[in-house]
Amino acid sequence: MNKSESNDYSTEAMQISNLKHGGNVYAYAKKLNTLPSEIIDASASLVPFDPPQIIIDSLNTEIKNLGFRYYPETNLSDLKEIISKFHGINPDNVLPGNGASELITWAGYEASKYGISYIPSPSFIDYERSLNCWNSNFIHCELPKNWNDIFPQPFPIHSKGDVIWITNPHNPTGQLWEKNSLEEIIKKYKLVICDEAFLSITPNGEKESLIPLTRNYDNLLVLRSLTKIFNIPGLRLGYVIGSSEKLKQWKIKRDPWPLNSFAIKAGIDLLSNKEFYKKWTRQIHSWINNERQRVYEKLSKVENLKVHYSSTNFFLIESKTSLSPNIKYLATKGILLRECTSFRFLDEKWARISLQNKKNNTLLCKEIQNSFKK
Ligand SMILES: Cc1ncc(COP(=O)(O)O)c(C=O)c1O
């Protein structure tokens, strides 16, 4: 590759990594004329394990037995039943969705009825998208940029308001919020939306879940995703737990078949077996505990780079100077980081990194070190 080709290539890679979400491996692989699987995608926070065999068996059975001949079951009754049993709640308080993202759109609809939304920021960008869909007003409240390594941490916002969007653990900082401090917030807002997309994969995370509080608070909606834990972003599967009255309204308004038959069947099979689920999550927690420590130690040695503590599988790094040249350099090596200029209150001195498997983490750290020597 000559120098000018190399420059084009890194600029385009930069543009792709500059989108509002991570995980743009298709576009990037196309530019590089390679396969998505050849890229180390540290811009999207997924687990480095193949999806469980249960899913493969489930999809094969569904294709063999029903194929594509029928519309999916519109009431989602069996899936709701399994999810409610899994969490020990009533099926009327569950609504499955086409990924947590679809339910974020509906949470925005709900928020639009109550007034102004508070978004603790930097935050996951989809809350804004959702609120904009419904012409609903929002305010970004700035989160402190420094925190310690003890998790869970008390939620740092104490104001009162109409609606608040909480992410636990928080994206992009990786902070795990303490349940009791969140309960205080529930008492102060007309509506609380808590996105627990990463909670199940976070070591010691489940203890902080607000799902048990949905029995006591009608103003609380908890969003969950199966994307992260089972590494199935392509299947699209998530659910929300909250007031049956609110969820009934969403169901009336939404697409009649938001989930395809295969996602429904996979969800049922994945959540039916608690023993398998426990074993699966144990493996993820142990991967995070080990690799996070190793990566921290390596990156903390890089001069002028601050590594921020995280409770989960992604974390922020902060440099004294712009990280854009480093991100560009890494792109030429087939490694994608999540650049942070699209996050409110962060800039080009920040990047978010998602943990990979041991081999790729070693490579990632080595190339980050090299990027500072350029
Ligand atoms: C905080 C947060 N919530 C929700 C989602 C979307 O999850 P899903 O794939 O279930 O739509 C993401 C995806 O990155 C996320 O970071």
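Two strands are said to pair if DSSP finds at least two bridges between them, and the strands themselves, like the helices, are DSSP runs numbered from the N terminus, with at least two residues (E) for a strand and at least four (H or I) for a helix. What we have here is a predicted model, in which local features need pLDDT of at least 70 and side-chain atom pairs count only at pLDDT 80 or more, while totals for chains, interfaces and linings use all residues. Residues are numbered from 1 along each chain as its sequence is written, and side-chain values use heavy atoms, with hydrogens and water left out.

Let me start with strand 10. Strand 10 and strand 12 (residues 350–354) are antiparallel and share five bridges, with Phe314 standing opposite Ser354 of strand 12. Strand 9 (residues 305–307) also runs antiparallel to strand 10, through three bridges, and a hairpin of six residues connects strand 9 to strand 10. Leu305 has Ser319 as its bridge partner in strand 10. Five of the six residues of strand 10 (residues 314–319) are buried, so this strand is largely enclosed by the rest of the structure; buried here means under 20% relative accessible area, with exposed over 50% and partly exposed in between, using a 1.4 Å probe and protein chains only.

Now to helix 4 (residues 77–87), whose buried residues include Leu79, Ile82, Ile83 and Phe86. After helix 4 comes Gly88, which has a positive phi, near 70°.
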